[in-house]
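Please take a moment to look over the sequence and the model before reading on.

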Amino acid sequence: MIANSGDIQITQCNNCKMINVWKPGLLLSFSFDQFYEFTKVAKQLNFNKFFEYSPDGNRVVILSTPFPDICLKFTRAELHDFVHAIDEAMYMHKVYELVHN
């Protein structure tokens, strides 16, 4: 486990060179390069600028994934937890790279 924030966990497999993002009901797997690109997009998502209303009336933002038919939705608090987990995961990934290389 390289990050944990709210209901988001991020794990890294050094053997298979994959990073997994665990969110309730969803598991996304990325190569290291894919994860770097995904984090750039995720960190630029501005809740106030891009929110919309979900069918239940809550304000959410939608984040596209590298898989065209799969998008993630976040409330403001969930997006905060997600970005925090991504920051933590990127930091720990870099630490592991330094230690293992």
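Val95 is partly exposed, because its relative accessible area is 29%, and partly exposed is the class between buried (under 20% relative accessible area) and exposed (over 50%), as found with a 1.4 Å probe on protein chains only. Val95 is found in helix 3, where helices (H or I, at least four residues) and strands (E, at least two) are DSSP runs numbered from the N terminus. Val95 and Cys13 are 82 residues apart in sequence, and their C-alpha atoms are 14 Å apart in space.

Some ground rules apply to everything here. This is a predicted model, in which local features need pLDDT of at least 70 and side-chain atom pairs count only at pLDDT 80 or more, while totals for chains, interfaces and linings use all residues. Residues are numbered from 1 along each chain as its sequence is written, and side-chain values use heavy atoms, with hydrogens and water left out.

How do the axes of helix 1 and helix 3 cross? Helix 1 covers residues 32-44 and helix 3 covers residues 76-100, and their axes come within 11 Å and cross at roughly 145°; such axes are lines fitted to C-alpha atoms, for helices over the stretch in contact, and the angles run from 0 to 180 degrees between N-to-C directions. In this contact, by class, there are ten nonpolar, two polar and three charged residues, where Ala, Val, Leu, Ile, Met, Phe, Trp, Tyr, Cys and Pro count as nonpolar, Asp, Glu, Lys and Arg as charged, and the others, Gly among them, as polar. The residues that meet include Phe32, Phe35 and Thr39 in helix 1, and Ile86, Met90 and His93 in helix 3, contact meaning heavy atoms within 4.5 Å.

Thr39, which is found in helix 1, counts as buried because its relative accessible area is 5%. Leaving out residues up to four places away in sequence, Thr39 touches Ile86 and Met90.

A search of the whole structure finds two salt bridges, a salt bridge being a side-chain nitrogen of Lys or Arg within 4 Å of a carboxyl oxygen of Asp or Glu. Side chains of opposite charge can pair when their charged atoms come close. In one of the bridges, the side chains of Glu37 and Lys40 meet at 3.2 Å, N to O, and because these two residues are three apart in helix 1, about one helical turn separates them. Asp87 forms a salt bridge with Lys43, with the closest N and O atoms 2.5 Å apart. This pair links distant parts of the chain, since Asp87 lies in helix 3 and Lys43 in helix 1, 44 residues apart. Asp87 counts as partly exposed at 35% relative accessibility, and Lys43 also counts as partly exposed, at 46%.
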